[in-house]
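Work through the following exercises with the sequence and the model open side by side. Each task is followed by a solution that goes step by step.

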Amino acid sequence: MRFYSVTLFFSLVFSCSTAQKTQTFPPPVAKKKSIPATTIPVYSYEVVNEFEHDKDAFTQGLAFHDGFLYESTGQRGRSTLRKVELETGKVLQKHKVPRDYFAEGLTVFDGKLYQLSWQDSLGWAYDIADMKLIREFRYSGEGWGLTNDGKNFYLSDGTHVIRVLDPKTFKVLRTLSVEMEDGKPLARLNELEFVKGEIWANVWRSENIGKPNHIARINPADGELLGWVNLDKISPKDSGKKYENSLNGIAYDQKGDRIFVTGKNWKRLFEIKIKNGKN
């Protein structure tokens, strides 16, 4: 997600745990466990193309629509919503989020851009044509990542739980509990993207679970962990500010069947092709 200081980090962990205790959501869907833990595949990748990326963009959400990238960048006082030219990395349009808010996940749905804030339980819907604000909306707890399956929203909040939301009311319809191979909660689920019927999730500080720069592939029906995409060596050495350059940004071009990834303050955005998995 983000990293300012040790104090902020522990404040974040405390706030997440407190939120989970006080909020009441529908129980997680029971898992079918169709893939034994010992056989969960790890996929490699091939870089197909490299593109310029604004090294000052603290990427929190990424989406692709009609030939353009849309990006949500974070940090209080610097958060933005952007329309970006893929081929050059040029920012074509920029909307500044009110400076009191820390922007987070982003998704494109029904001709609108939906953007989350981190700790304020507030989000914004914009007209994708001109990026003008249409309305604000509220949700419980924190907002980290956001994606959709064409019908419902999927929201991550920094825990191992993904909430499925009604896009009109933001009411929680059900929840998905995501676990690692050993059955432990897969916490810090961050930026989300729907890719070919799966939820792909960045995991903030994934190196802390022995999986640096890994993307989790998740079954949206029950939260089952289907596999990992190992992007460990993709992070550019010349990425921007060294205090935080986590992999965080997945966009899928459904028409072109292209996958794009980048990170916080990275100078590059990559189009990747996924290779066969190994157990």
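**Exercise 1.** What volume does the largest pocket have?

*Solution.* The volume of the largest pocket is about 520 Å³. A pocket here is an open set of points on a 1 Å grid over the protein atoms alone, where a 1.4 Å probe fits, with protein on both sides within 12 Å along at least five of seven lines, and lining residues have an atom within 4 Å of a point. Of the 23 residues in this lining, F64, V108, E193, Y252 and Q254 are the closest to the centre.

This is a predicted model, in which local features need pLDDT of at least 70 and side-chain atom pairs count only at pLDDT 80 or more, while totals for chains, interfaces and linings use all residues. Residues are numbered from 1 along each chain as its sequence is written, and side-chain values use heavy atoms, leaving out hydrogens and water.

**Exercise 2.** Find the parts of the chain that the salt bridge between D54 and R82 ties together.

*Solution.* Begin with the side chains of D54 and R82, which meet in a salt bridge at 2.8 Å, N to O (a side-chain nitrogen of Lys or Arg within 4 Å of a carboxyl oxygen of Asp or Glu). Because D54 lies in the loop between β1 and β2 whereas R82 lies in strand β4, the pair ties together parts that are 28 residues apart in sequence. Next, compare the burial: R82 is buried, with a relative accessible area of 5% (buried means under 20%, exposed over 50%, partly exposed in between, with a 1.4 Å probe and protein chains only), whereas D54 is partly exposed at 26%.

Terms used
Points joined across faces, edges and corners; volume = space filled by probe spheres on them. Helix = DSSP H or I, 4+ residues; strand = E, 2+ residues; numbered from the N terminus.
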